[in-house]
Amino acid sequence: MAVVYINGKLYSNREDAKISVWDHGFLYGDGVFEGIRVYNGRIFKCQEHLRRLYDSAKTLNIKPPMSMERLEHELIETIKYSEMRDCYIRLIISRGTGDLGLNPLKCPEPTVVIIVDTITLFPAEMYEKGVEIVTASTRKNSSAATNPNVKSLNYLNNILAKIEANRAGAAEAIMLNMQGYITEGSADNVFIVRDGVVKTPPTYAGILVGITRNLILEICRENGIPALETNLTLFDVYAADEVFLTGTAVEMIPVIDVDGRTIGEGKPGPMFKKLLGKLRARTGSEGTPVWD
Ligand code: PMP
């Protein structure tokens, strides 16, 4: 069953899980979050997610009210309570309650929320056949303004892209940066394959450095598959043999059409299938055990 933890209290009835309207996470999107998966009773890439959460919090000068070790313990206890062996976790640290001004100094104690539930972004058929995506006209936030590496509660840039995808009848929209290079989707990283080489935009293009993205690059290295972090243009995407998206929630999904250009043969390609198999092998065998 779905369970919510708010500042040390557990709620098994979703209607009872409430936070204050004075919380700056609600008033200003002032906070950070992570999406984490549990596969077969093991928290996948737990340390990586906690580290990214604490790095994001540090950038926003939010001081988590507990150590990373303690939060991991709370996470484990909340999952145990839910009795779910395969689930999706939303971990949130917001600035906490304050007054109606935005001054973070008026918020003495951050709010910690753990939601244990499930997530399905796309129907199974889309994973088998591949999805159509578009380019958003909304540009990616500049790294010099709101750094996309901070996984903050302010997802408006991404939501504007998703609205464009919805209007186009597409599954997802990828965003370009101010220089016109490919960055990422609304909640996923982008990969292309051309002549057997796997390519994905570099950190400095202005992306969230995805944990799934890093794992795909690691899998490529381990298996002798050439992989590059390099700036990509729309030309590179349209002319690719394969395109796919990665993320904790979406996992890996093949793209068969970008802005009306058929990608490769218009079906999931061999590199996608190979990497998906290797990703599944990792998610099925690794992770921090919830139950001893
Ligand atoms: N980019 C954005 C904007 C995201 O929200 C996500 C999802 N966390 C990703 C990429 C993929 O990151 P990860 O593989 O760590 O889930």
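**Helix α5.** Which exposed residues does the face of α5 turned away from its buried side carry? I found L156, N166 and R167 there. For my cut-offs, buried means under 20% relative accessible area, exposed over 50%, and partly exposed in between, with a 1.4 Å probe and protein chains only.

**Ground rules.** I am working from a predicted model, where local features need pLDDT of at least 70, side-chain atom pairs count only at pLDDT 80 or more, and totals for chains, interfaces and linings use all residues. Residues are numbered from 1 along each chain as its sequence is written, and side-chain values use heavy atoms, with hydrogens and water left out. Helices (H or I, at least four residues) and strands (E, at least two) are DSSP runs, numbered from the N terminus.

**More on α5.** I noted 13 residues, 156–168, in α5, and a reach of 18 Å from first C-alpha to last. That is close to the 18 Å expected at 1.5 Å a residue (1.5 Å times one less than the number of residues). The buried residues of α5 are N157, N158, A161 and A165. They line one face of the helix, because they fall within an arc of 95 degrees seen down its axis, taking directions from the axis to the C-beta atoms. I then checked their partners: they pack against β7 (131–135) and β8 (172–174), with contact meaning heavy atoms within 4.5 Å. Just after α5, G169 has a positive phi of about 70 degrees.

**Cores.** A nonpolar core is a set of buried Ala, Val, Leu, Ile, Met, Phe, Trp, Tyr and Cys residues joined through side-chain atoms within 4.5 Å. The largest has 26 residues, and I43 is among those that touch the most other members. Helix α2 (46–59) is one of the elements that supply at least two residues, and α2 gives the most, with five. A second, separate core of 19 residues includes F122, I174, L232 and L245.

**Cysteines.** I counted zero disulfides, a disulfide being a pair of cysteine sulfur atoms within 2.5 Å. C46 is too far for a bond, because the closest cysteine sulfur, in C87, is 12 Å away. C46 is buried at 2% relative accessibility.

**Positive phi.** N7, not a glycine, has a positive phi of about 45 degrees and sits in the loop between β1 (3–6) and β2 (9–11). K45 also lies in a loop, between β4 (42–43) and α2, with phi near 55 degrees. I have N7 as partly exposed at 47% and K45 as buried at 13%.
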